[in-house]
Amino acid sequence: MKRLNNRAESHLTGQVECELDAVGNGAWVNQGFCGSPPPLPRAVSTIYNPQPVFQSSMSMNDMYRLDTPGPFPEQPPSTKQNSVKKQRGCCSFIKGLWGTTLTENTSNNRELFVRTTLRELMVYLVFLVDICLLTYGMTSSSTYYYTKAMTDLFVNTAGESGVRFQSIGTMADFWTYTQGPLLDGLYWTKWYNNQSLDSGEQSFIYYENMLLGVPRMRQIKVMNNSCKVHGDFQDEIQGCFDVYDEKKEDDLNFGLINGTAWTYHTEKEIKGSSHWGLLTTYSGAGYFQDLARTKEESSIILTELVNSLWLDRGTRAAFVDFSTYNANINMFCVIRLVVEFPATGGAISSYQIRTVKLIRYITNWDYFILGCEMVFCLFILYYVVEEILELRIHKFSYFNSIWNILDIIVIMLAIVAIVFNVFRTVKVDKLLGKLLEQPEIYADFEFLAFWQTQYNNMNAVNLFFAWIKVFKYISFNKTMTQLSSTLGRCAKDILGFAIMFFIVFFAYAQLGYLLFGTEVESFSTFVKCIFTQFRIILGDFDYNAIDRANRVLGPIYFVTYVFFVFFVLLNMFLAIINDTYSEVKEELSSQKDELQITDIIKQSYMRTFTKLKLKKEKISDVQKALRSGSGEIEFKDFRETLKEMGHADHEISAAFSRFDCDGNQILDEDEQERMKKELEEKRDALCAELNNLGMTYGKDLLEKPPATSNEQNNHSSHTSVGQEQFQRLAKQVLHLESSVAGITSRIELIMEKLGLQENAKGNKMAGKLNVTNKDSAETASDGSVVLCVDRGMKAEISSRSVRTNAKYDCHM
């Protein structure tokens, strides 16, 4: 009775928390929100049983342990317990470090599932922030303006003759451009007032961008008679140069045969790289000529090439390559100007300007990114171990989930990025060292710029997948599953619709290619036709070009395509998704919410609040014990007082010995004052924390709308009780125990009678059941106890081992 009247067995240590743990972590989980079956019904229960109320209020607070130390230390555990705890702590640390929903058994524990998912989400958000810093740390807004400046200078600037790079249409225009705007843009040795830059032979484009090495010109040719001329024209046409093909590439020396411009070099010899042009893909081989470091010498070289007909009928592509470096923004700009000479005649110009950051670590921000890269490597190592553990558990079934496959893709792309980052750093240092030793050579940054661009593209794709992967961790919320549920349910319908759509779509694409391909650029190839038709769906089209190409079939093509594809098929596609979304929305609205994050937060409030209250009551008990004595307090009196309040001997001894400095088993006035002072400080701190938690939780309750009667009934098991009510319920429980003892003895007598009359059936059995019910009713006649014996209870007959199926009803 003492223990029940004093809140718990112990108020000096954390045994209350242990008792709460014994109730079960999942005690507070609403069974309607998870798939686990509800607990089995009790055989005997009463309306005065306080256990569900106490269990729900305490178990909610067991959700999060409070790490605040108690007012007095506990007895130190034994060495064996310490070793066991260390082993368990190490295992739990490793398990918790890589604990995921795939490594933990969360099938029947919704709370553990949400906790594990939230922990994964928190860790992943840190990883996501780190990868964002890495990705955006490699780029800058200056990159665009650097590219734009180089484009305006070398592509959009016209010479005295009015020829711009984009307007090149013949070989003559090509030479006009190279001897005019190209040389003017490459060599800047004077200010705008014609004063010298005092930079020697080094050129600084726009006064800020240093030209690295010297520019290089290269051409690719095809052999004569690489195609066959029809017999009727063989007398008039002496030569035939086919469209470019690597197998038909000309590898013979020609012209002056006194330099690299007239001698063929393989791709390996000049360490070149292939180029994807507008017409086809060209190899990295051919004939090349490096220009000089000054404008005058370069002009002489170009004049010699023009006079010696370096470009002829066999030329299929000419390249101009050079690189610049801007130290202000630490950026390299690798430029390639390409002019293709198709077999039809004329010229088609294109360009490729790559602005990349090849030297990574100079400023403080760069070193911060270096730290982020190290953290990124640790994250990748962490996730590699995590995926290995999950593969080890689930084997090949691991790949059944699209999210797991996405994890593998992100990790693989990250590993490739790390390897390339190391390779790029080493390669750039080596290339720059060679360039500084021989400044008159061609600075071939094309290879590094290409792979740096691919590296940036890979990081962009990886970052995209990393953001999409966030859906994996927020899928426990039903609102977040609407997109995936809608797409998953209508996947079959969309697949069937896609077949029908693309049959019509490709039919119109072939029709447009055959009707307008010879005159309209957007229909000149079948691939362009496909993208042009997608643009028509979005409203971007040139109707006048279609009408000019075919005045009869053009309008018919346009009107029928818009009607069938836009008005019919596209709206069918939207109807499929809209209908499925409505079904998913209706089903989700009828389902109960699964465990929400707000539930965990609110329950943590109540849990922490109750634990702090218990700790405060511990201090109150000790303060009462101090006030009960006068003058010096002996250990015996101190012990008896606290034992009456329900505390254990070893806890009382530990508390007393802490302040008994002289060890005489007596607390003098100084020791009492020190104890009172410390207890008062701890009590004030706990009161302040309780007030803060109470205000926060009160705001949540005020913001929460009033619950209905059904909700109040559903959540009644989670309602906490006051101390007076708890003591009253405890008294009733004791009274109930004595009553149940008498009832149990009577039931045993009835069971013995049933064993003696086991052959009797029908009315005899019913009469004995009525006698039992009457006895139960007599016991509950005082109104303080109600006994419920569940239907279907199987009573064990110990004397004769006879089992009978007796059904009992609840009576007052």
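Q: In which helix is F567 found?
A: This is a predicted model in which local features need pLDDT of at least 70 and side-chain atom pairs count only at pLDDT 80 or more, while totals for chains, interfaces and linings use all residues. Residues are numbered from 1 along each chain as its sequence is written, and side-chain values use heavy atoms, without hydrogens and water. Helices (H or I, at least four residues) and strands (E, at least two) are DSSP runs numbered from the N terminus. By that assignment, F567 belongs to helix 17.

Q: What accessible area do the residues of the nonpolar surface patch have together?
A: The patch consists of M500, F563, F564, F566, F567, V568 and M572, and helix 17 supplies its largest share, six residues. Patch members have over 30% relative accessible area and no salt bridge, with nonpolar side chains (Val, Leu, Ile, Met, Phe, Trp, Tyr) joined within 5 Å and like charges within 9 Å. With a 1.4 Å probe (Shrake-Rupley), the accessible area of the nonpolar patch comes to about 610 Å².

Q: Which helix gives the largest share of the negative patch?
A: The negative surface patch gathers D493, D579, E583 and E586. D579 has its place in helix 17. The largest share of the patch, three residues, comes from residues 553-590, that is, helix 17.

Q: Why does D579 count as partly exposed?
A: Buried means under 20% relative accessible area, exposed over 50%, and partly exposed in between. D579 counts as partly exposed because its relative accessibility is 46%.

Q: What distance separates the C-alpha atoms of R216 and F288?
A: R216 lies in strand 3 (residues 209-221) and counts as buried, because its relative accessibility is 13%. Leaving aside neighbours within four places in sequence, R216 is in contact (heavy atoms within 4.5 Å) with I270, F288, Q289, D290, F319, V320, D321 and Y442. R216 and F288 are 72 residues apart along the chain, yet their C-alpha atoms are separated by 6.8 Å.

Q: Which residues does N459 touch, not counting residues up to four places away in sequence?
A: N459 is part of helix 11, which spans residues 446-468. At 10% relative accessibility, N459 counts as buried. Not counting residues up to four places away in sequence, N459 touches T135, M138 and A417.

Definitions and conventions:
A salt bridge is a side-chain nitrogen of Lys or Arg within 4 Å of a carboxyl oxygen of Asp or Glu. Lys and Arg count as positive and Asp and Glu as negative; His and the chain ends are not counted. The place of a charge is taken as NZ of Lys, CZ of Arg, CG of Asp or CD of Glu. Buried means under 20% relative accessible area, exposed over 50%, partly exposed in between (1.4 Å probe, protein chains only).
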